[in-house]
Amino acid sequence: MRKSVRIVLVVVLVIIVLAGGLILFVKAALPNVGAPQNLSVQLTPGRIAHGEYLANHVAACMDCHSQRDWSIYGGPLKPGTFGAGGEKFGKEIGFPGTLYSSNITPYGLGNWTDGELFRAITTGVTKNGQALFPLMDYHSYGRMDPEDIMSIIAYIRTLPAVKNDVPVRELDFPLNLIVNTLPSRAVPEKRPDSNNIMAYGRYLTTMADCVECHSKVNKGSRVEGSEFGGGRTFDFPNGTVVTSANITPDKETGIGKWDRSLFIRKFKQYADSSYQLKKVGPDDFNTPMPWITFSKMREKDLAAIYAYLQTVKPIHNVVKTFAKK
């Protein structure tokens, strides 16, 4: 009997030691994506203008790194918060902890080098080596052309400084450890010629990370085979639930019957001078889809995204967009 107890104690001790070693490794050795590059981005007018377009209307960097006015449909950006971060993502909307978007104006970035910014955007590792939560789309940005990333950096460098001290995130266990395993080295690709509409559309769709919202998710991970088929749910604090649309070319439940003009018009209606921002009440439905941000994307770019989406696998998935809990 005593021998059995000793064996059990030894096994438990070994498990504790191994678990402790694993935790120590995850906390101390990860993330491991390499040192930041020795990089100096030239702030040319052309590069700044290109970065402004990408950051504001394709990659939607400013959409997350500002605060959104959820009293208006589509959550447009609140004046005075542009780039200053502080948008909250908490348990009340289904997140495993409480996170806040970073301040990416000069006030928030402080003495970050261009290489450190490049590493954060493309691999998910901050200046001090902390792993970013993948709410930041670094897995998608790591597949972008480095020239596009540098253009975004050039634009960010021109933002006016906004004083806003963002609270430190608090992730639930075990995600506070798992997050260290998520960053990965970038796998950049060259931006396709815009006349190669399919390749260019795929590139823009990746940059905008459409698949992240328009796919089903289980325990924080995308469900394989559901890509672009919609079905991801977004909880709002008022008890409403929004489910992402099916944007595959399925003719019954997706956008298979849409023509290019309808697809473009769906976005451009929010940029029309006659469009009036719609106030929503405390019990009304809203949407996380940043229509106003994407509405100023160039028509040629929207057309390329449409063309690419018409080539993805059709998925028959009936989506009820708005519901009450």
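## An open three-stranded sheet

Two strands are taken to pair if DSSP finds at least two bridges between them. The model discussed here is a predicted one, and in it three strands form an open sheet in the order β1-β2-β3, with antiparallel pairing. Because β1 (88–89) and β3 (170–171) stand at the edges, each with a single partner strand, one side of each is left without a neighbour in the sheet.

The pairing of strand β2 (residues 97–100) with β3 is antiparallel and rests on two bridges; leucine 171 of β3 is the bridge partner of glycine 97.

## Helix α7 and its surroundings

Helix α7 is largely enclosed by the rest of the structure, because nine of its 11 residues are buried. The buried residues are Asp148, Ile149, Met150, Ser151, Ile152, Ile153, Ala154, Tyr155 and Ile156, and the elements against which the buried residues of α7 pack are α2, α3 (61–64), α4 (106–109), α5 (114–123), α6 (138–141) and α9 (197–208).

## The crossing of α2 and α7

The axes of helix α2 (residues 45–58) and helix α7 (residues 146–156) come within 7 Å and cross at roughly 95°. Since angles of 65 to 115 degrees count as roughly perpendicular, α2 is therefore roughly perpendicular to α7.

On the α2 side the contact is made by Arg47, Ile48, His50, Gly51, Glu52, Leu54, Ala55 and Asn56, while α7 contributes Glu147, Asp148, Met150, Ser151, Ile152, Ala154 and Tyr155. By residue class, the contact of α2 with α7 divides into seven nonpolar, four polar and four charged residues.

Strand β6 (residues 233–235) pairs with β7 in the antiparallel sense over three bridges, and threonine 243 of β7 is the bridge partner of threonine 233. The two strands β6 and β7 form a hairpin with four residues between them, and in the turn glycine 239 has a positive phi of about 90°.

Strand β7 is also joined by three bridges to strand β8 (residues 322–324), the two running antiparallel, and here threonine 240 stands opposite lysine 324 of β8.

Terms used. Residues numbered from 1 in each chain as written. Predicted model: local features only at pLDDT ≥ 70, side-chain atom pairs only at ≥ 80, totals over all residues. Heavy atoms only, no water. Axes fitted to C-alpha atoms, helices over the stretch in contact; angles between N-to-C directions. Parallel < 35°, antiparallel > 145°, perpendicular 65-115°, else oblique. Contact = heavy atoms within 4.5 Å. Nonpolar A, V, L, I, M, F, W, Y, C, P; charged D, E, K, R; others polar. Buried < 20%, exposed > 50% of the residue type's maximum accessible area, 1.4 Å probe, protein only.
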